[in-house]
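Please open the model in a viewer and keep a selection panel at hand.

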Amino acid sequence: MKHVGMTQRCNYFPIVIIVVFSTLFFGFFLYNEYTKLIPFPDFRHQKPFQETSNSSNVEVQGTNEEHDDGKAEVKTQGSTEEKYQEINDLNLIIVEEKDDGDNKRISLPLEECDIFTGEWVFDNGSHPLYKEECEFLTEMVTCLKNGRPDSLYQKWRWQPRDCSLPKFDAKLLLEKLRGKRLMFVGDSIHFNQMLSMVCMVQSVIPPERKSFSYASYTTAFKMEEYNATLEFYWAPFLVESNVDPPTMRDGTVDPVIKLESISKHGDNWKSMDYLIFNTYIWWRYPTMKVLRGSFDDGATNYVEIDQNIAYKSVLKSWAKWVEENVDPNQTSVFFSSMAPSHMKSSSWNNPKGIKCANETTPILNISTLDVGTNRLLFTIAVNVTQSLKIPLHFLNITTLSEYRKDAHTSIYAAPGGKLLTPEQKSDPARYADCVHWCLPGLPDTWNELLYTLIISQT
């Protein structure tokens with residue numbers, strides 16, 4: 001048994017074992033020291049910047065046009081609609097929606113279509129879905145404003161292999177959310193995604209009918225026009241941990257978790273209509289410290305257990321909470337798979353690169369990719385979510401995101417609310433954030449996939 005803060009062990013093994021484990025320990029030490037440098041967002045400093053007079057909002061179009069590879073195109077000209085489609089190229093369900101008297105058409109994937117398998121297509125006509133000047137973005141994600149010289153990362157669209165995603169329609173989504181609450185639960189990656197969703201819908205809401213609020217655990221975007229909210233709840237391990245409090249979230253403290261202790265967080269999730277969970281980026285150690293006792297009682301004793309065992313135990317506790325507390329007739333539940341990091345440029349055949357720094361295009365020429373995502377944890381997540389007794393949507397964002405080495409904040413983040421200095425920017429090996437993502441950017445695609453599943457529900 002150990003106390004929080006103790007890091008050394010005394011082990012006496014035969015000489016061969018010592019050599020092997022010394023090598024492994026040295027590798028884990030280097031990894032640990034690196035991850036402590038990752039600029040995890042400090043929510044105390046995450047203040048949105050004001051929208052400038054040069055900003056432009058997303059225009060909600062009455063026309064759905066696809067300009068990718070000629071596979072499908074839907075045009076609206078006055079009262080006449082024409083649909084061009086190569087035979088057997090695409091499988092679409094066309095659903096008519098009415099808005100302000102005008103007919104719109106959106107293409108929904110067939111049930112058998114895997115929307116998570118496909119390719120990235122450069123599309124500077126429909127993407128980005130909003131401008132970086134969205135007033136609700138924080139400096140942590142505004143890469144262009146922070147000095148990034150290129151914007152190509154904003155203009156890639158995800159194209160499923162056997163179908164097409166519907167064009168994002170903010171008004172249609174908000175009608176689905178009318179009178180409801182949607183909450184992202186998890187770590188800073190989900191905070192990233194929540195900000196993305198806010199910017200994707202906010203332009204169609206009158207300024208006086210929307211508001212944004214920060215609290216210790218819950219961040220909320222209220223849309224009075226629709227009596228709806230988009231929310232984020234901080235719970236990086238889903239269960240209780242020592243990095244839950246606002247002062248402990250900068251990534252410099254070794255995390256300690258309390259297995260099976262989820263109800264304290266869960267009480268804040270019960271009234272939601274849509275729940276989207278994730279937990280991954282804080283699982284960065286080969287073993288996890290598990291608390292003996294209660295955080296409320298000031299306990300500090302812990303034991304270390306294998307990461308995979310701890311992850312499975314946490315997800316089983318989460319699954320039990322979902323089954324016991326979620327009414328599937330009222331609440332739709334989603335689980336997001338791992339959002340990858342890009343630490344080794346050799347993974348995409350760029351041995352002279354430094355992590356994700358200066359990457360400007362996705363990985364396009366490698367079919368089998370390994371950027372270091374923990375696939376054992378991925379498998380555990382798949383198995384646990386499939387075992388649930390109530391319906392759950394598994395958002396498999398991992399593989400499609402692994403190709404986006406270009407989309408990270410890199411040296412254009414603002415850890416602790418401060419931009420990197422020129423000296424820090426010149427040392428990407430130490431300071432480049434290859435965990436979090438620029439906005440607009442990749443998290444918008446995750447939300448397009450989520451949007452597709454939400455509007456497809458009857």
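Strands (E, at least two residues) and helices (H or I, at least four) are DSSP runs numbered from the N terminus. The model is predicted: local features need pLDDT of at least 70 and side-chain atom pairs count only at pLDDT 80 or more, while totals for chains, interfaces and linings use all residues. Residues are numbered from 1 along each chain as its sequence is written, and side-chain values use heavy atoms, with hydrogens and water left out.

Y274 stands opposite S332 in β16.

Now colour the nonpolar core, meaning a set of buried Ala, Val, Leu, Ile, Met, Phe, Trp, Tyr and Cys residues joined through side-chain atoms within 4.5 Å. Buried means under 20% relative accessible area, exposed over 50%, and partly exposed in between (1.4 Å probe, protein chains only). The largest core has 110 residues, and F221, W269, F277 and W318 have the most contacts inside it. Helix α3 (residues 188-201) contributes the largest share of this core, 9 residues. Centre the view on W318: among the residues that it touches, not counting those up to four places away in sequence, are L238, I262, F277 and F335. Contact here means heavy atoms within 4.5 Å.

Which residues form one aromatic cluster? Select Y217, Y233, W269, F277, W318, W321, F335, F378 and F394. Rings of Phe, Tyr and Trp (its six-membered ring) pair if their centres lie within 6.5 Å; planes under 30 degrees apart count as stacked, over 60 as edge-to-face and the rest as tilted. By this rule there are 22 aromatic pairs. For one of them, select F122 and W156: the ring centres are 5.3 Å apart and the planes stand at 75 degrees, so the pair is edge-to-face. F122 belongs to strand β6 (residues 118-122) and W156 to strand β7 (residues 156-160), so the pair ties together parts that are 34 residues apart in sequence. F122 is partly exposed at 36% relative accessibility, whereas W156 is buried at 11%.

Move on to R375, whose charged end sits over the ring of F378, 5.1 Å from its centre. The criterion is NZ of Lys or CZ of Arg within 6 Å of the ring centre and within 35 degrees of the ring normal.

The last stop concerns the backbone. The peptide bond from H127 to P128 is cis, with omega near 10 degrees, and P128 is in the loop between β6 and β7. N227, in the loop between β10 and β11, has a positive phi of about 50 degrees although it is not a glycine.

How values were computed
Pairing = 2+ DSSP bridges.
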